[in-house]
Amino acid sequence: MGTPSNVKLLDENGIRLDGRGPQELRPIRLRTDVLERADGSAMIEWGGNKIIVAVYGPREAYPKHTQDIEKAVIKARYNMAAFSVDERKRPGPDRRSVEISKVISEALTAAVMVELFPRTQIDVFIEVAQADAGTRIASLTAASVALANAGIPMRDFVVGCTVGKVEGKVVLDLSKEEDNFGQADLPVAVLAKTGEVVLIQMDGDLSKEEFNEGMSMIMTATARIHEIQRTALSEKYKEMDMGGAE
Ligand code: CDP
């Protein structure tokens, strides 16, 4: 993060490098049932991000010492393919993916009715095939839909978005260049119905006013993204009505 003088992220009218206004989202496409062998699955394309999520469970937690006698344990594993980024990523977990897996597991635990399935685990495998900034919130948004697609009882959906600061302005849904060269990056995920914040991380600096402005942009955006989640799930039932899916 930090703006080298040769990268101009906003033009004189406040328009961003990819042509968006400050409050505009990148295009989002979300589909369910993309994998045959998972209990539930989803694929999200968000800007240049392409992410597949597979859900298995609830099944008996293993190894046994990981069991919780009161609830299901959600084990999310976020993985970036070697070819998902400009510079080949070394395969396997690193500090960043371990951290993202942890914050995603925690956020999803707030939405799933984990108390219904003591001693079990629910696996959420997240495979980032192409990364373009905002993968953690795109993964969470898709994971929530994959869990619902697996028929796992949930009290709410998790839906995420980022805001950030570029050239002194608060903007929604950072692109890769804005993430790299901007002044702040604030990924947030909320529960769709209640607005409860279940993930919030910050890189860089925002004033209190900028933070509040960003949070209000996030709340408006997540309501729209939640509509995309609902549509993705209802598309499946439309297909079933027409005899297009089993
Ligand atoms: O993806 P997200 O914004 O949640 O996390 P980040 O750590 O802020 O990473 C921002 C972006 O940097 C990612 O989405 C990737 O496009 C890129 N990145 C990369 O090019 N190489 C890595 N090893 C990790 C991230």
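Helix α1 (residues 95-109) passes helix α2 (residues 135-149) in a right-handed crossing, the hand being called right when the near helix is turned clockwise from the far one by less than a right angle, and left when anticlockwise. Helices (H or I, at least four residues) and strands (E, at least two) are DSSP runs numbered from the N terminus. The structure is a predicted model, in which local features need pLDDT of at least 70 and side-chain atom pairs count only at pLDDT 80 or more, whereas totals for chains, interfaces and linings use all residues. Residues are numbered from 1 along each chain as its sequence is written, and side-chain values use heavy atoms, with hydrogens and water left out.

The axes of α1 and α2 come within 10 Å and cross at roughly 45°, axes being lines fitted to C-alpha atoms, for helices over the stretch in contact, with angles from 0 to 180 degrees between N-to-C directions. The arrangement is therefore oblique, given that angles under 35 degrees count as roughly parallel, over 145 as roughly antiparallel, 65 to 115 as roughly perpendicular and the rest as oblique. Contact (heavy atoms within 4.5 Å) is made by R96, E99, I100, I104, A107 and L108 of α1 with T135, R136, S139, L140, A143, S144 and L147 of α2. These residues divide into 7 nonpolar, 3 polar and 3 charged, where Ala, Val, Leu, Ile, Met, Phe, Trp, Tyr, Cys and Pro count as nonpolar, Asp, Glu, Lys and Arg as charged, and the others, Gly among them, as polar.

An open sheet of 5 strands has the order β1-β2-β3-β5-β4 with mixed pairing, two strands being paired if DSSP finds at least two bridges between them. Its edge strands, each pairing on one side only, are β1 (28-32) and β4 (73-80). Strand β4 pairs with β5 (residues 120-130) in the parallel sense over 8 bridges, and K75 stands opposite D123 in β5. Helix α1 packs on this sheet, touching β4 and β5, with its direction at about 145° to that of β4. Within α1, S105 is buried at a relative accessible area of 12% (buried, under 20%; exposed, over 50%; partly exposed, in between; 1.4 Å probe, protein chains only), and S105 touches I74, K75 and A76, not counting residues up to four places away in sequence.

Backbone geometry was also examined. A cis peptide bond with omega about 0° joins G57 and P58, and P58 lies in strand β3. A133, in the loop between β5 and α2, has a positive phi near 80° and counts as buried at 11% relative accessibility.
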